[in-house]
Amino acid sequence: MDTPVEDTSFYDDTVKPVGAVLAQYHDHRNGSRVAQLGGHSNPQTHRGAGQLPPGAAIVTTLLKSLEENPLFDLRTSSPVSKILLENRKVVGVEYTHSSDTATLHGPVIFASGGFASDAYGMIKQYRPNLAGFPSTNDPRPGSQHLLTIIGAQLHDMDLIQVHPTGFVDPEKPESKLKFLAAERLRGEGGILLLDGKRFVNEMETREVVTDAITAETPSDENPKQWDVQLVFDEGAYNVSKSHMDFYLWKGLMHKTTVAELGAQAIPTLREYADAVAHKREDVLGRKVFGNWTLKDIMVDSMFYVGRVTPVVQNYTKYFANPPYGTNRLNLLTLFASSNLSRSNP
């Protein structure tokens with residue numbers, strides 16, 4: 001079990017990829033322990049012990065509880081088309097469901113999750129350098145226009161998170177929708193190869209890893225993506241087995257030999273294994289190697305491999321200022337943000 005760390009670095013490491021943008025809103029410090037992932041100075045990412053990742057466990061538990069509440073009514077596949085106003089106050093929304101138009105009246109909360117999948121719309125408008133990037137969200141237009149049309153003001157629209165690793169499905173590589181290759185995959189020992197060579201310290205922040213990938217020429221333009229390999233050994237696989245088995249089942253990763261990774265990969269993996277075994281310093285400065293255990297690389301050594309590329313992440317950030325003041329506009333807007341970055345890949 002990892003030794004608890006008296007931690008004031010959690011806040012510092014959280015602010016590191018965000019800078020003053022986050023610091024101006026928060027000034028509290030919190031401690032954690034368990035895993036050391038990208039951008040961390042100490043182990044500080046807590047994970048649950050169950051089969052489900054913590055996020056999925058929390059959401060499914062809350063959803064189950066809500067569904068048991070007779071006052072709760074969840075309607076999916078019901079896009080909102082209009083915010084209803086009376087005397088300059090929000091009183092409800094107009095929406096469509098199964099081709100029928102309907103209205104709901106009452107307090108309105110917007111929790112749209114951003115516009116990450118609007119690659120050629122709002123993404124192109126606010127961050128043209130990210131136009132055409134795939135996303136972990138289903139392709140659909142952003143909903144911010146529903147707010148601006150009634151006078152809301154949008155801020156920090158360029159603060160869009162790019163995650164360095166989303167899986168490229170070999171069955172449909174042209175899909176703009178990608179499945180996230182979780183941060184823990186690199187933290188637990190996984191490495192990134194481009195043409196058989198490592199090119200970045202995988203334990204750097206998402207911004208640094210993303211910039212290193214996008215500095216190279218993309219392999220495809222629609223969507224814009226790169227041909228990067230995420231490589232695991234058996235030790236890293238075992239500690240992330242629940243995740244890995246799911247990726248293998250989905251066909252996003254496969255088991256192979258080092259020989260099939262190409263001639264360039266063999267010396268690269270041997271060099272990395274020597275660093276893990278403390279026979280040499282890692283040439284890219286990596287100090288923490290997770291649960292990678294393979295020390296002797298042979299041509300028939302087995303690895304787990306998947307193709308990854310940078311993706312615009314689930315959450316983008318924006319604030320909407322009510323045009324008439326919160327005491328006069330019955331509108332509450334909630335927006336999720338995570339690990340925001342001004343990265344310019």
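**View 1. Residues around the centre of the second largest pocket.** Asp227, Gln229, His254, Gly306 and Arg307 lie nearest the centre of this pocket, which is lined by 19 residues in this predicted model. A pocket here is an open set of points on a 1 Å grid over the protein atoms alone, where a 1.4 Å probe fits, with protein on both sides within 12 Å along at least five of seven lines; lining residues have an atom within 4 Å of a point. Its volume is about 280 Å³, meaning the space filled by probe spheres set on the points, which are joined across faces, edges and corners.

View 2. Strand 12 (254–257) and strand 13 (302–316) each supply at least two lining residues, and strand 13 gives the most, with three. Strands are DSSP runs (E, at least two residues), numbered from the N terminus.

View 3. You will find Thr101 in strand 3 (residues 100–105). Is Thr101 buried or exposed? Thr101 counts as exposed because its relative accessibility is 54%; buried means under 20%, exposed over 50% and partly exposed in between (1.4 Å probe, protein chains only). Thr101 touches Glu94, Tyr95 and Thr96, not counting residues up to four places away in sequence; contact means heavy atoms within 4.5 Å. The C-alpha atoms of Thr101 and Ser81 are separated by 9.1 Å.

**A note on all views.** Residues are numbered from 1 along each chain as its sequence is written, and side-chain values use heavy atoms, leaving out hydrogens and water.

Definitions and conventions:
Predicted model: local features only at pLDDT ≥ 70, side-chain atom pairs only at ≥ 80, totals over all residues. Helix = DSSP H or I, 4+ residues; strand = E, 2+ residues; numbered from the N terminus.
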